Amino acid sequence: MEFLSDIASLINSTLRISTPLVFAAMAGIFAERSGVIDFSLEGKMLMAAFVAAVGSYFLGNPWLGLLLAIIACISLSMLHGFASVTYKGDQVVSCVAINILIIGLTTALAAAWFGQAGLTPTLNEDQRFLEVNLPFAESLRDVPIIGTIYSDILSGHYIFVYLAYLSVPLVFWVVFKTSFGLRLRAVGENPSAVDTAGINVFAMRYKALAINGVLIAFAGAHLSTAVNANFFREMSAGRGYLALAAMIFGKWHPKTALVACLLFGFTDALQIRLQGVELPAIGEIPVQLIQAIPYVLTVVLLAGFVGKAIAPNAIGQPYIKER
Amino acid sequence: MAPVDKSKVPWWVSNLIVPLVNLTLALLVSGLFIFIAGENPYEAVRLIIYGSFGYIEGFAYTLYYTTNFVFTGLAFAVAFHCRLFNIGGEGQAYIGGLGVFLVAINFSFLPVPIVWLLSIAGAVVFGAAWAFIPAYLQATRGSHVVITTIMFNFIAASLMVFLLVDVIRDTSQMGPHTVALPKEQWFPSFKDFAGLFGIKIRYSPLNISFLLAIAASVFVWFLVWKTRWGYEMRAVGHNTQAAIYAGISPYKNIIIAMCISGGLAGLLGVNEILGVHHKIVAGFPAGYGFTGIAVALMGRNHPIGIFPAAFLFGILYQGGSEVTFDMPNITRYMFVAVQGVIILFSGALENLFRPQIESFFVNRLNIKASA
């Protein structure tokens, strides 16, 4: 039974840890399917975490914090679009600029407004999201197997965890089953053909970036108003890049990207469990090396056990309308 | 707006006026940030200028930062000419520092100048090796170099903390750092030179690595614009398909460009280890690797532009620390944000006003010519 509850808690934390990755990967799919590279997921996630925490602290309601985070992330997405779609600047440079700007600005403003440590004040219970207990979770707890799965693994997560996994079929439906999704993918593969068909390439890319901003805001709010009760410096800790790697590994497809996100989440959950544990034959692995495992895994996955990743055809190229 | 004939635009418009306009915009936005943080931007500018030029030690600090930014700026620029975004300068510098230290401590029986040369080589080799894996994966597997180099920054940080805590730590001390190198191996500092001329000044980290930065700039200029390698590298970066038709291997050039880039970033370790700390301290690259991106983009990826850009960032860093002393609401992170704004305006948004400025000058020159 000890073993079973260990597994249950490992799966439980995998679901929780994967949540921001899933949101970010879905956000990345929208941008990149439309032909706009988005390395700025990292910066946007950090911005969302900061804005959600500060907004919720001042307004006393985490939903209002989330709303402000969504507005902030859409603005950053628009900035990225302004630089790389309208002004045809280099998309990667624009992303790097946004990431560095946000790392600096969030911490600098947190320090200026709340003191030198660069933390935002701890949110009380009214100002943050709490765990959601699914109905009957308590009464089903003692039923074997079903009780473990329902009460210990599925119940008791933050709202964002459920939203993240619900977003995957939704994104799949929008991208692959609607005419909007068809246009979106066409803009990323062959923009001049789409232009010929009378669809505005620039407007499509801006729309994709706006959806991208909404999705990534959830990832940041999850970090600062759900799992943690405040914002701290560089709290996104590379998750935006991990999610992007998961998306590439998942070949720009929601379902396979989800699998990759869960794999990252599982590795991270395992990594936390392994800290300070004596392993047979190897002994205790130093904590610094264990912490590097998700990053090493990213490199290994990107190097591809699954063959070369084929990006959308027009990715990274600004569209220049012929006259 | 009708595009301007590029050949009619004088060089000083596209290479001086436009970058200066972009820089001015970036600094205006930065002033707004300082205002939002609750401080007076004019006062901040005054403090920056006093801190970086106002007294000899402050100016020496400015040149010390310049040294670091020249190395990381050149590193980014070399890879960029091959259209590679090496944002792993931070990790390559960290590992480069390990190379400097290991060589210096293990070859301490040799004459000092030889140890110096070997240590510089160690920095280059270690930095290049850390860039090699992302380069190899980009060339053969198409793994995007931005993600892999970022991951290698994280991995380098973990690895170095592991080494500093468990393997090469100075066990007689508490902090995560190594023992100090023997004193005769330390690079002569600016203070020592000033002392030779009978000028007494207080401590500053400026040392002869500054000369190495000048040498590295000349080396990069020669390599990228005057050698066959450099030509091939730029050809791959400009148009990979055309380069392949011309018989140039993108595979080989991606790896060479990244390794040279990593080696240049590694030189930061020379300045920090031989010149300043004389031992490896945890986290010594301190964001200089990322600043290199802004430096290179502002300097238009040419050594002649990178040197003044590095100097400007030296002013911002040194003057910035003066600001953080005097203004309680400003932390050094404010200057990280300023870097982001500069990258935005001089990199991603460099075309914002370029057509207007170029056509303005071309029209004026035409009027003058016809008058």
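Which domains does the domain assignment of chain B give? The domain assignment gives domain 1 (1-39 + 328-371) and domain 2 (70-299), with bounds taken from an automatic or database domain assignment. The model is predicted, so local features need pLDDT of at least 70 and side-chain atom pairs count only at pLDDT 80 or more, while totals for chains, interfaces and linings use all residues. Residues are numbered from 1 along each chain as its sequence is written, and chains are lettered from A and ligands numbered from 1 in the order in which they are written.

The C-alpha centres of domain 1 and domain 2 of chain B lie 30 Å apart. Eight residues of domain 1 of chain B are in contact with six residues of domain 2 of chain B, two residues being in contact if their C-beta atoms, placed from the backbone, lie within 7 Å. On the domain 1 side, helix H1 (11-36) and helix H14 (333-348) of chain B each supply at least two residues; H14(B) gives the most, with six residues. Helices (H or I, at least four residues) are DSSP runs, numbered from the N terminus. By class, this side of domain 1 has five nonpolar, three polar and no charged residues. Ala, Val, Leu, Ile, Met, Phe, Trp, Tyr, Cys and Pro count as nonpolar, Asp, Glu, Lys and Arg as charged, and the others, Gly among them, as polar.

H1(B) has 26 residues and reaches 38 Å from its first C-alpha to its last, close to the 38 Å expected at 1.5 Å a residue (1.5 Å times one less than the number of residues). Its buried residues include B:Val18, B:Asn22 and B:Phe33, where buried requires 20 or more other C-beta atoms within 10 Å of the residue's own, C-beta atoms being placed from the backbone. The buried residues of H1(B) pack against H4 of chain A together with helix H2 (41-53), helix H12 (288-298), H14 and helix H15 (354-370) of chain B. H1(B) is followed by B:Gly38, whose phi is positive, near 90°.

The contact between the chains takes 42 residues from chain A and 42 residues from chain B. On the side of chain A, the largest share, 15 residues, comes from H4(A). The residues of this side divide into 27 nonpolar, twelve polar and three charged.

Conventions:
A residue is buried if 20 or more other C-beta atoms lie within 10 Å of its own, exposed if 12 or fewer, and partly exposed in between; C-beta atoms are placed from the backbone.
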